[in-house]
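User: Got a model here that I'd like to go through. Can you walk me through the side chains?
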Amino acid sequence: MTFWIAAAVATSATVQAYGQIQAGKAQEAELKRQAEERRIQAEGEELERQEALGRALAANAVAAGMSGIKMEGTPASIALETAETASLAGGMANLSARLEQAQLRRQAKSARVGSQYAAAGTLLQGAADTGQALD
């Protein structure tokens, strides 16, 4: 009778450990998916920023040309300053997106490793419980 109890305890611990590992893998996959989704979103946002900047600079050049202002000197330096500011803002947004992606990847790895440690602890506890059941 004691053997069957010990076998049930060992089986239970094994099934629980397997479940913990699978849950960790699922969480890892979801976080990696979120990181990839964020990367794609950041690329789209960067493209939109570049297009908006291009439209703004083109509109400024057209307006200046229609009013007879040459794009030299102060108007050119203002356009350059606008482009540099937009580029800096875009760079900061890009950096922020990359940091967010890296954080999601670290969380994914942590979820996988954490589930492995939890499973190992479950197996060790199951072995101890099995040993007690056999006593």
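Predicted model: local features only at pLDDT ≥ 70, side-chain atom pairs only at ≥ 80, totals over all residues.

User: Fine. How many salt bridges does the count come to?
Analyst: By that rule, nine salt bridges.

User: Which side chain does glutamate 28 meet in a salt bridge?
Analyst: Arginine 112. The N to O distance is 3.0 Å. The pair links distant parts of the chain. Glutamate 28 sits in helix 1 (residues 2-66), arginine 112 in helix 2, and they are 84 residues apart.

User: Glutamate 28, buried or exposed?
Analyst: Glutamate 28 counts as buried, because its relative accessibility is 11%. Arginine 112 has 26%, so it counts as partly exposed.

User: Which residues are linked with Glu28 in a network of salt bridges?
Analyst: Lys32 and Arg112.

User: And arginine 38, what does it pair with?
Analyst: Glutamate 100. Their side chains meet in a salt bridge of 2.9 Å, N to O. Glutamate 100 is in helix 2 and arginine 38 in helix 1, so this pair ties together parts that are 62 residues apart in sequence.

User: How accessible are those two?
Analyst: Glutamate 100 is partly exposed, with a relative accessible area of 37%. Arginine 38 is at 12%, so it counts as buried.

User: What about glutamate 46, which arginine does it meet?
Analyst: Arginine 49, in a salt bridge of 2.8 Å, N to O. Glutamate 46 and arginine 49 are three residues apart in helix 1, so about one helical turn separates them. Arginine 49 is partly exposed, at 26% relative accessible area.

User: Switching topic. How many aromatic pairs are there?
Analyst: The count comes to one aromatic pair. The partners are phenylalanine 3 and tryptophan 4.

User: Why is that pair edge-to-face?
Analyst: Planes over 60 degrees apart count as edge-to-face. The planes of phenylalanine 3 and tryptophan 4 are at 75°, so the pair is edge-to-face. The ring centres are 5.2 Å apart.

User: Are phenylalanine 3 and tryptophan 4 buried or exposed?
Analyst: Phenylalanine 3 is exposed, with a relative accessible area of 53%. Tryptophan 4 counts as exposed too, at 61% relative accessibility.

User: Now the surface. Which residues form a nonpolar patch?
Analyst: Leu88, Met92, Leu95 and Leu99. Together they have about 410 Å² of accessible area.

User: Where is leucine 99 placed?
Analyst: In helix 2, which covers residues 74-134. Leucine 99 counts as exposed because its relative accessibility is 53%.

User: Why does serine 115 count as buried?
Analyst: Buried means under 20% relative accessible area. Serine 115 is at 8% relative accessibility, so it counts as buried.

User: Last one. What is threonine 130 in contact with?
Analyst: Ala6, Val9 and Ala10, setting aside neighbours within four places in sequence. Threonine 130 lies in helix 2. It is at 15% relative accessibility, so it counts as buried.

Conventions: Residues numbered from 1 in each chain as written. Heavy atoms only, no water. Patch = residues over 30% accessible without salt bridge, like charges linked within 9 Å, V, L, I, M, F, W, Y side chains within 5 Å. Areas by Shrake-Rupley, 256 points an atom, 1.4 Å probe, with all protein chains shown as cover. Salt bridge = Lys/Arg side-chain N within 4 Å of Asp/Glu carboxyl O. Helix = DSSP H or I, 4+ residues; strand = E, 2+ residues; numbered from the N terminus. Buried < 20%, exposed > 50% of the residue type's maximum accessible area, 1.4 Å probe, protein only. Contact = heavy atoms within 4.5 Å. Phe/Tyr/Trp six-rings, centres within 6.5 Å; stacked < 30°, edge-to-face > 60°.
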